[in-house]
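Work through the exercises below with the sequence and the model side by side. Each task is followed by a worked solution.

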Amino acid sequence: MRATLTLENGMTVPDQSLSNPDPAWPEARLTLKSQLEDLTLVWPWVEAIAARYSVPADTQFAIQLCLEEALSNIIRHGYQSQPNQAISVEYAPACVENDNAEELVFTVEDHAPPFDPLAPSADAPAPAPVSIQEFPPGGQGIRLMRKFAGRLAWQQLPNGNRLTLAFTLPRSLSPSVP
Amino acid sequence: MQISTEEMPGGITRVALDGRMDIAGAAAVDLKMNLIAGSAKKLLVDLEKVAFLGSMGLRSIVTPARAVKSRGGTVVLFAPNEMVESVLKTSGIDTLIPVRHDLDAAIAELG
């Protein structure tokens, strides 16, 4: 059973202090349930990955942002807020071909109905809001992911979706691989 | 996520946010932000110590700003860091709520 903390507003979140006993070696895969509270597990996990690969602060911000947007979209729209559906996030370093750089590649998989966030219809340009009353309360996630991810790819699985988000690292900043 | 308020000269309410406006941070400040927005006429949202802003955090800023503006009040966003400002610009909210890095300019914007 996972320990939880209760926030001031009554929201219960997993106790992050118990979720990652050794931040130097982040687990390759994070498994979440389709509840927004589980997004709090992502922060310490990415923090540990960032420490391991000396990820610049701006890139760490971009990774956190894109994962939060991707995962909250899956929970709220893909799974329609049904709890206890599985989502997995994996990371792996990769070389960028013909370029003196490496990437951190995150792969998010779910079993929700197919949804391609890269399809033109997923982020159809709406008329610019002329007043704050018209500003849409949602719908920013895909735009933010497109702006902040170095590379985005979507693949339909037999029973779900795979979203790949890659972030470029300068080679000199990544650790030597034995 | 910490939130504090200060009444400044000229009827300005300064709300200082401190921490990560991620999904948990947004939930932690929503109630207080909405209470403040219920009475503020000139709202200065101090983002200087906000280390992260996601779309849920953005909503926690836009909703109270909308409430203040709908009552004829004014809102300004103050001193976001470069990445937070990039989120504001990507969403387009910077065209509807002014973003200022200089306190005097922010105060002037509130009228």
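**Exercise 1: two helices of chain B**

Helix 1 of chain B and helix 2 of chain B are roughly parallel to each other. The model is predicted: local features need pLDDT of at least 70 and side-chain atom pairs pLDDT 80 or more, while totals for chains, interfaces and linings use all residues. Residues are numbered from 1 along each chain as its sequence is written, and chains are lettered from A and ligands numbered from 1 in the order in which they are written.

Task: find the angle and distance behind this description, and the residues that meet.

Solution.
- Step 1. Locate helix 1 at residues 23–37 and helix 2 at residues 55–70 of chain B. Helices are DSSP runs of H or I with at least four residues, strands are runs of E with at least two, and both are numbered from the N terminus.
- Step 2. The two helices pack at an angle of about 5 degrees, with their axes 8 Å apart. Axes are lines fitted to C-alpha atoms, for helices over the stretch in contact, and angles run from 0 to 180 degrees between N-to-C directions.
- Step 3. Angles under 35 degrees count as roughly parallel, over 145 as roughly antiparallel, 65 to 115 as roughly perpendicular and the rest as oblique.
- Step 4. Helix 1 of chain B contributes residues including Val29(B), Met33(B) and Asn34(B), and helix 2 of chain B residues including Ser60(B), Thr63(B) and Ala67(B). Contact requires C-beta atoms, placed from the backbone, within 7 Å.
- Step 5. The residues of this contact divide into 10 nonpolar, 5 polar and 2 charged. Ala, Val, Leu, Ile, Met, Phe, Trp, Tyr, Cys and Pro count as nonpolar, Asp, Glu, Lys and Arg as charged, and the others, Gly among them, as polar.

**Exercise 2: where the chains touch**

Task: describe the side of chain B that touches chain A.

Solution.
- Step 1. Contact involves 25 residues of chain B and 28 residues of chain A.
- Step 2. Helix 1, helix 2 and helix 3 (82–91) of chain B are the elements giving two or more residues to this side.
- Step 3. Helix 2 of chain B gives the most, with 9 residues.
- Step 4. By type, this side of chain B has 15 nonpolar, 6 polar and 4 charged residues.

**Exercise 3: helix 3 of chain A**

Task: is helix 3 of chain A largely enclosed or open, and what span should it have?

Solution.
- Step 1. Chain A has 4 helices and 7 strands, and buried residues make up 31% of its 178 residues. A residue is buried if 20 or more other C-beta atoms (placed from the backbone) lie within 10 Å of its own, exposed if 12 or fewer, and partly exposed in between.
- Step 2. In helix 3 of chain A, 17 of the 22 residues are buried, so this helix is largely enclosed by the rest of the structure.
- Step 3. At 1.5 Å a residue, helix 3 (residues 57–78) of chain A should span 32 Å, and its end C-alpha atoms are 30 Å apart, which agrees. The expected span is 1.5 Å times one less than the number of residues.
- Step 4. Gln80(A), with a positive phi near 55 degrees, follows helix 3 of chain A.

**Exercise 4: Pro98(B)**

Task: where does Pro98(B) lie, and which residues does Pro98(B) touch?

Solution.
- Step 1. Pro98(B) is in the loop between helix 3 and strand 5 (99–100) of chain B.
- Step 2. Pro98(B) counts as partly exposed because it has 16 C-beta neighbours inside 10 Å.
- Step 3. Not counting residues up to four places away in sequence, Pro98(B) touches Val76(B) and Glu109(B).

How values were computed. Two residues are in contact if their C-beta atoms, placed from the backbone, lie within 7 Å.
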